[in-house]
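Subject: Structure handover and notes

Dear colleague,

I am passing the structure on to you with this message, and my notes come directly after it. Please read them with the structure open beside you.

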Amino acid sequence: MASPAPATRDTPDPDFAELLARRPHLTAHAFDGLVMDDVPLVQIARAVGTPTWVYSAGTLRRRHAMLRDALRDAGLTASIHFATKCNDSLAVLRVLNAEGAGADVVSGGELIGARAAGIPADRIVFSGVGKTRAEIAQALAEGVLQLNAESAEEIEMIAAVAAETGRIAPVALRVNPDVDARTHAKISTGLAENKFGIAYNDAAALYARLSSLPGIRPVGLAVHIGSQITEGMAAYRAAYARVADLARALLSRGLPIERLDCGGGLGIPYRDEIAPSPAALAGAIKATLGPLNIPVMMEPGRWIAGPAGVLLASVILQKRGAAHRFVVLDAAMNDLIRPAMYESWHGILPLAPDAFHAPRAPAEVVGPVCESSDTFARGRGLPDLPPGSLVAFLDAGAYGSTMSSTYNARPLAAEVLVDGARWAVTRPRQSHEALLANQVVPDWLGSPA
Ligand code: LLP
């Protein structure tokens with residue numbers, strides 16, 4: 001069983017100043033209020049409306065560089081493949097592509113997006129526990145760097161598609177190391193009970209089988225034990241040590257290994273978690289896989305993009321309920337589902353300068369969707385937020401927009417990229433017309449009266 005999510009709620013919430021201190025791209029100005037890089041967020045909210053996602057290009061670049069440098073400084077030959085499932089904005093992908101990042105994709109749609117952003121196919125890894133034949137054919141036609149296979153059955157599928165299309169498929173085996181990443185059970189992936197990866201004890205025989213299949217070129221091993229990992233390096237080390245043992249066994253049998261994919265999962269501090277540093281992760285990789293002297297890859301998502309994004313929302317009204325003050329926002333669980341889905345904590349900051357110093361009282365911060373789980377925060381210390389007040393959800397750059405839905409017929413929110421003092425809308429707010437546009441009412445139901 002996965003261990004329960006780490007309990008951190010017995011400490012007081014960080015105050016506004018503490019939240020800002022850990023997020024250098026956000027500052028509170030006396031006149032402009034909350035500013036991202038050089039752009040007052042109020043300016044964006046007024047021009048574009050809310051809810052709106054805003055991403056900092058500078059933060060994406062800086063965090064990608066920190067990770068790259070940490071891997072290099074540990075003496076590793078490493079490549080970074082951004083997990084586009086956490087943020088598939090073409091503008092975000094373009095920023096990271098220009099920094100030299102590749103992509104980790106898990107669907108035909110993500111592959112199309114990564115290519116549309118200009119990421120070269122030979123820097124793209126195709127992961128996922130259930131790739132369809134069409135997706136495998138698409139990946140081979142594009143010429144991706146590798147497919148990470150997750151089962152014996154999938155290997156046969158890949159071999160069949162390769163034979164049909166006359167291509168050679170570069171395949172890595174994703175191994176399930178049966179290691180507890182000590183993260184939330186819903187995002188733990190490296191335990192034997194999880195659906196992911198190939199059972200550790202089957203992996204050696206399957207790798208040998210890969211080598212015997214004509215349409216397949218075995219390229220290495222992959223492992224990914226979970227996401228939002230904050231509990232030190234022990235789980236990573238344990239997983240990588242198992243991969244190292246397996247790699248040694250395969251090499252001693254004369255089987256080739258070109259690269260080792262170390263997955264993603266590095267956690268970030270949303271509240272007061274002590275998140276491990278990229279240097280610590282690089283050190284864990286070096287200590288376990290380094291002696292093999294094989295190039296390594298990483299598939300980080302959240303660590304790069306999470307802190308780079310905020311979700312702007314407006315207060316619709318403050319409701320004095322029987323038990324609580326409810327701050328009802330125009331953003332909802334359909335926009336940012338993480339609190340409803342994982343009980344996750346996101347910092348919430350007011351945008352107006354005077355709100356930073358106003359007295360605070362506990363509030364339930366909710367959206368307008370008709371579900372009690374449409375609750376972003378409970379008992380959160382916030383100032384009086386009259387209708388029209390603006391707030392920002394912090395660390396919303398990963399698994400925010402990509403997990404949105406249109407539940408309650410709520411159009412997808414707008415997206416904006418900030419780059420220094422420049423900003424631009426990178427995805428206009430979806431229109432109500434667009435929401436209805438792809439529906440068809442059968443003729444026999446007649447026309448509306
Ligand atoms: N590689 C593989 C094979 C993955 O499954 C994932 C994430 C990643 C890389 C990137 O992991 P990261 O570095 O972002 O932790 N929706 C959840 C997170 C789901 C993670 C799924 N897999 C959340 O909002 O917390």
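What follows is an account of the core, the salt bridges, the backbone and a surface patch.

Please keep in mind throughout that this is a predicted model.

The largest nonpolar core has 131 residues, and the members that touch the most others are L41, L221, L260 and I285. Helix α9, which spans residues 234-252, supplies the largest share of this core with 9 residues. Because domain 1 (16-56 + 307-429) and domain 2 (57-305) both give residues to the core, it lies between them. As general background, nonpolar side chains tend to be buried together in soluble globular proteins.

In one of them, the side chains of D13 and R271 meet with an N to O distance of 2.9 Å. Since D13 lies in the segment before α1 (16-21) and R271 in the loop between β12 (259-261) and α10 (278-288), this pair ties together parts that are 258 residues apart in sequence. In the other, the side chain of R380 meets that of D13 at 3.7 Å, again N to O. Here R380 lies in strand β18 (residues 375-382) and D13 in the segment before α1, so the parts tied together are 367 residues apart in sequence. D13, R271 and R380, along with D272, are linked in a network of salt bridges.

Some points on the backbone may deserve a look. Most residues other than glycine have a negative phi, and most peptide bonds are trans. T50 and P51, however, are joined by a cis peptide bond with omega at about -5°, and P51 lies in the loop between α2 (41-48) and β4 (52-56). Q228, which is not a glycine, has a positive phi near 50°; Q228 lies in the loop between β11 (216-222) and α9, and it counts as buried because its relative accessibility is 11%. N408, also a residue other than glycine, has a positive phi near 65°. N408 is placed in the loop between β19 (390-393) and β20 (414-419), and with 35% relative accessibility it counts as partly exposed.

Lastly, on the surface, V441, W444 and L445 form a nonpolar patch whose accessible area together is about 420 Å². V441 is found in the segment after α13 (432-437), and at 57% relative accessibility it counts as exposed.

With best regards

Technical notes. Residues numbered from 1 in each chain as written. Predicted model: local features only at pLDDT ≥ 70, side-chain atom pairs only at ≥ 80, totals over all residues. Heavy atoms only, no water. Patch = residues over 30% accessible without salt bridge, like charges linked within 9 Å, V, L, I, M, F, W, Y side chains within 5 Å. Areas by Shrake-Rupley, 256 points an atom, 1.4 Å probe, with all protein chains shown as cover. Salt bridge = Lys/Arg side-chain N within 4 Å of Asp/Glu carboxyl O. Helix = DSSP H or I, 4+ residues; strand = E, 2+ residues; numbered from the N terminus. Buried < 20%, exposed > 50% of the residue type's maximum accessible area, 1.4 Å probe, protein only. Core = buried A, V, L, I, M, F, W, Y, C linked by side-chain atoms within 4.5 Å. Domains from an automatic or database assignment.
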